[in-house]
Amino acid sequence: MLLLARYALMLTAVLVLAVYVPMLFDASFGERDKKTHMFYSPVLKKFIWRELVVGTPPEGEIEDVHHAQYVQMDQDGNRYTRRDFETMLPFIYYKNMDVWGLLPLELEGQVFDKEVMRDERQVMELKPRQIAGRSPGDGVHPLIESVPDRAGLVFPEERFRLDQAMSFINADFNVLDREKSIAYTQALSEEGFVFPGRLVAGKPTILKPFDEGVFLVDHAGAVFHVKQVEGEPWVVRTPIDPAIGVRHIKISENSRRDFYGLLLTNDDKIFVISYDNYELIPLPVDNYDPDRMDFKLIVNPLYRTAVYSDDTVIRAVAMDSEYTPIDS
């Protein structure tokens, strides 16, 4: 039995390292595969991208960027220097625009200064390895106090499990907090939550502007929004239809407060969850395969761009502020 336990521990360690070592590498050194980076330029009103040149390119067709050979171009084949490329994407490179004295910027009858450009931009990503069930997890989650009695968010002492109940365990002493577990389990049950729970989605960090708690999916597929407010449970059963078949939810708190995050269904449709009313807004991404494609939603005050790609093909859809497609 001791030998079996050792093998089980070794297998768990290998699985964890297989997932988190590549993530640490990416965070430290950037993308290993140097994928093409595509955007929709609000200046050109067309798609523009930067990609790594493979092989020896013709003289004059590359620019030395971070000791690698890249080319910047638009959908019509026009090539750009690095600086010109960045000026075509002012909401992404707003800091450089400020250094170059190009702010405030007027676009489409609106004037944008550095502060507006900083506050009205947002990027959300969903990679295959982040989807529920695609990587090992410990099954316990923090529930951060959404209304802290101090300037910043504080990481809690407890973690919770979601199975036949919402059970809180003190992480320091590994002891069940019965009173808190009963309070949250009862609050969920009163809103119609069917145990055991199927999915927990939140952003478990205090490095964010505020906390929106977690989204839970129950056994029947219903979606619930749960927060801790001044130490007490706050529970909302959202109007999201259980029949939609939720596969994954990714939450990201942003000061824009435009949407809670992304929702992926079992039939590979992807939505944004709009703020306050939990309306699902479909993103028009044809041929999206979440199990092998990286997905990115880029938001600025004028446009939204969905970019999704595998190892060989990159696709993009540009939308207006109402998520109506305008180009692809």
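This report describes strands, aromatic pairs, charges over rings and cavities in one structure. The model is a predicted one.

**Strand β13 and its partners**

In a sheet, strands are held side by side through backbone hydrogen bonds, in either a parallel or an antiparallel arrangement. Strand β12 (residues 199-202) and β13 run antiparallel and are joined by 4 bridges; V200 of β12 faces L216 in β13. Strand β14 (residues 223-229) is also antiparallel to β13, again over 4 bridges, and F224 in β14 is the bridge partner of L216. Between β13 and β14 lie 5 residues, and the two strands form a hairpin. In its turn, G221 has a positive phi of about 95 degrees.

**Aromatic pairs around Y278**

The model contains 14 aromatic pairs. F215 and Y278 form an edge-to-face pair, because their planes stand at 70 degrees, with the ring centres 6.1 Å apart. F215 belongs to strand β13 (residues 214-217) and Y278 to the loop between β18 (270-274) and β19 (280-282), so this pair ties together parts that are 63 residues apart in sequence. F215 and Y278 are both buried.

Y278 has a second pairing, with Y260: these rings are stacked, 5.2 Å centre to centre with 10 degrees between the planes. Y260 lies in strand β17 (residues 259-265), 18 residues from Y278, and the pair links distant parts of the chain. Y260, like Y278, is buried. Together with Y275, the residues F215, Y260 and Y278 make up one aromatic cluster.

**Charges over rings**

Two side chains place a charged end over an aromatic ring, as the table shows.

| Charged residue | Ring | Distance to ring centre |
|---|---|---|
| K227 | W234 | 4.5 Å |
| R304 | Y323 | 5.6 Å |

**A separate open sheet**

Strands β9, β10 and β11 form an open sheet in that order, with antiparallel pairing. Its edge strands, β9 (158-162) and β11 (175-176), each pair on one side only. Strand β10 (residues 166-170) is joined to β11 by 2 bridges, and N170 has V175 in β11 as its bridge partner.

**Cavities**

Empty space among the atoms can be found by rolling a probe the size of a water molecule over them. Across the whole structure, 3 cavities of 30 Å³ or more are found.

The largest cavity holds about 160 Å³ of space. Its lining consists of 14 residues, and T36, D294, K296, V307 and S309 are those nearest the centre. Strands β1 (37-41), β20 (294-299) and β21 (304-309) each contribute at least two residues to this lining. By class, the lining of the largest cavity comprises 5 nonpolar, 3 polar and 6 charged residues.

The second largest cavity has a volume of about 80 Å³. Among the residues that line this cavity are F39, Y40, L89, F91 and I298. Which classes of residue does the lining of the second largest cavity have? The lining has 8 nonpolar and 2 polar residues, and no charged residues.

Notes: Residues numbered from 1 in each chain as written. Heavy atoms only, no water. Phe/Tyr/Trp six-rings, centres within 6.5 Å; stacked < 30°, edge-to-face > 60°. Buried < 20%, exposed > 50% of the residue type's maximum accessible area, 1.4 Å probe, protein only. Lys NZ or Arg CZ within 6 Å of the ring centre and 35° of its normal. 1 Å grid on protein atoms, 1.4 Å probe; cavity = no way out; pocket = protein on both sides within 12 Å on 5 of 7 lines; lining within 4 Å. Points joined across faces, edges and corners; volume = space filled by probe spheres on them. Nonpolar A, V, L, I, M, F, W, Y, C, P; charged D, E, K, R; others polar. Pairing = 2+ DSSP bridges.
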